Amino acid sequence: MKKYIISWIVVKIALLGVFSFFVFSEFQSSNFAQVAKSPTPEIVDDKINRPTSNPFEGDLSRYDKENRADNLQIERVMNLLQISEGKTVADIGAGGGWFSAIASKRVGEKGKIYAVDINKNAIKYINERKEKEKLTNIVAVLGKTDDPLLDKNSIDAILILNTYHEIAEPIIYLKKLKQSLKKGALVGIIDREGNGDDHGIDSKTLIKEADKAGFILKQQYDFVEESMDYFLIFEVKKDK
Ligand SMILES: C[S@@+](CC[C@H](N)C(=O)[O-])C[C@H]1O[C@@H](n2cnc3c(N)ncnc32)[C@H](O)[C@@H]1O
């Protein structure tokens, strides 16, 4: 009888063990599934599903062509972006700092230019240019591919010149950029029509991506030359 009771208890314990094992693994797997599924649906939604161009890593002096300012009508571009004395401007994808140097003179001593790039060589190039040309109001910023690393609420105007097609995750990037803007700030984008991986991007796609990031198209021009097809000006949507 004693033997029978002991084996009955052993069987019970074994059954309890098996039961707990199944309950525990079920709990673990449902928890795990949640962890795998849940994170940041916003980021998943904001990822683009189109090709982009490889970031330029060549000779940065190629952007300093003699007639570039006239061809791009850069003075008119700056007027439309309301870049004037004392303003703080970001040059996104600054490359060799061609636009930063021009904007630096326009905003003067009281203004500031953030020359943002992801390429360390570009940052070095811009810093050397800054010394050589005595452009003390330029700050070169080594940004991240998905974040310009600019202070919140600090920028009056932005120009993204010949760079948007290289930005790997433009919606995520534009959302970050939006946080750095002061109220009423303007964002200009100059690029050429293309498929994303051919150093251009279809302007309709760009406008849709900007819309998703919380920007509204304010003005659209096609006066820019030198193989650049369009100049778009955005501002932050009122409810964003
Ligand atoms: C074609 S170059 C244009 C340079 C400059 N805007 C000009 O027109 O003289 C594009 C630059 O954008 C930079 N770039 C690419 N992706 C970037 C990103 N996510 N954030 C900042 N810069 C980026 C590249 O490193 C490169 O220097």
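A residue counts as buried if 20 or more other C-beta atoms lie within 10 Å of its own, as exposed if 12 or fewer do, and as partly exposed in between, with C-beta atoms placed from the backbone. By that count, 36% of the 240 residues of this protein are buried. Welcome to the structure: this is a predicted model, in which local features need pLDDT of at least 70 and side-chain atom pairs count only at pLDDT 80 or more, while totals for chains, interfaces and linings use all residues. Residues are numbered from 1 along each chain as its sequence is written.

**Overall build**

- The protein has 8 helices and 7 strands; helices (H or I, at least four residues) and strands (E, at least two) are DSSP runs, numbered from the N terminus.
- Two residues are in contact if their C-beta atoms, placed from the backbone, lie within 7 Å.
- Among contacts between residues at least 6 apart in sequence, 73% join residues at least 24 apart.

**The sheet**

- The 7 strands form an open sheet with mixed pairing, in the order E3-E2-E1-E4-E5-E7-E6; two strands pair if DSSP finds at least two bridges between them.
- Strand E3 (138-142) and strand E6 (215-221) stand at the edges with a single partner strand each, so one side of each is left without a neighbour in the sheet.
- From one strand to the next, the twist averages 20°; axes are lines fitted to C-alpha atoms, for helices over the stretch in contact, and angles run from 0 to 180 degrees between N-to-C directions.
- Strands of a sheet pair through backbone hydrogen bonds, either parallel or antiparallel.
- E1 and E2 pair in the parallel sense over 5 bridges, and Thr88 stands opposite Lys112 in E2.
- Strand E5 (residues 181-191) and strand E7 (residues 230-236) pair in the antiparallel sense, also over 5 bridges; here Ile189 has Leu232 in E7 as its bridge partner.

- E1 is mostly covered, with 5 of its 5 residues buried.
- In a regular strand the side chains alternate between the two faces of the sheet.
- Thr88, Ala90 and Ile92 point one way from E1, while Val89 and Asp91 point the other way, and all are buried.
- A nonpolar core is a set of buried Ala, Val, Leu, Ile, Met, Phe, Trp, Tyr and Cys residues joined through C-beta atoms within 7 Å.
- The largest nonpolar core has 56 residues, and Ala90 and Ile158 are among those with the most contacts inside it.
- Leaving aside neighbours within four places in sequence, Ile158 is in contact with Ala90, Ile92, Leu177, Val187 and Gly188.

**Helices across the sheet**

- Helix H5 (residues 98-107) is mostly covered, with 8 of its 10 residues buried; Trp98, Phe99 and Val107 are among the buried ones.
- H5 lies across strand E1 (88-92), strand E2 (112-117), E3 and strand E4 (155-161), running at about 165° to E2.
- After H5 comes Gly108, whose phi is positive, near 70°.
- Helix H6 (residues 120-132) lies across E2 and E3, and runs at about 170° to E3.
- Lys124 is found in H6 and counts as partly exposed, with 13 C-beta neighbours inside 10 Å.
- Lys124 and Ala140 are 16 residues apart along the chain, and their C-alpha atoms are separated by 8.4 Å.

**Around the ligand**

- A residue is near a molecule or strand if its C-beta atom, placed from the backbone, lies within 6 Å of it.
- There are 21 residues around the ligand, of which Tyr63, Gly93, Gly95, Asn119 and Glu166 come nearest.
- This shell divides into 12 nonpolar, 7 polar and 2 charged residues; Ala, Val, Leu, Ile, Met, Phe, Trp, Tyr, Cys and Pro count as nonpolar, Asp, Glu, Lys and Arg as charged, and the others, Gly among them, as polar.

**Loops to look at**

- Leu149 is in the loop between E3 and E4, and has a positive phi of about 60° although it is not a glycine.
- Leu149 is exposed, with 12 other C-beta atoms within 10 Å.
- Asn153 also has its place in the loop between E3 and E4; its phi is positive too, at about 55°, although Asn153 is not a glycine.
- Asn153 counts as exposed, with 11 C-beta neighbours inside 10 Å.
- Asn54 is in the loop between helix H2 (41-46) and helix H3 (68-72), and counts as exposed with 9 C-beta neighbours inside 10 Å.
- Asn54 and Asp198 are 144 residues apart in sequence, and 9.1 Å apart in space, C-alpha to C-alpha.
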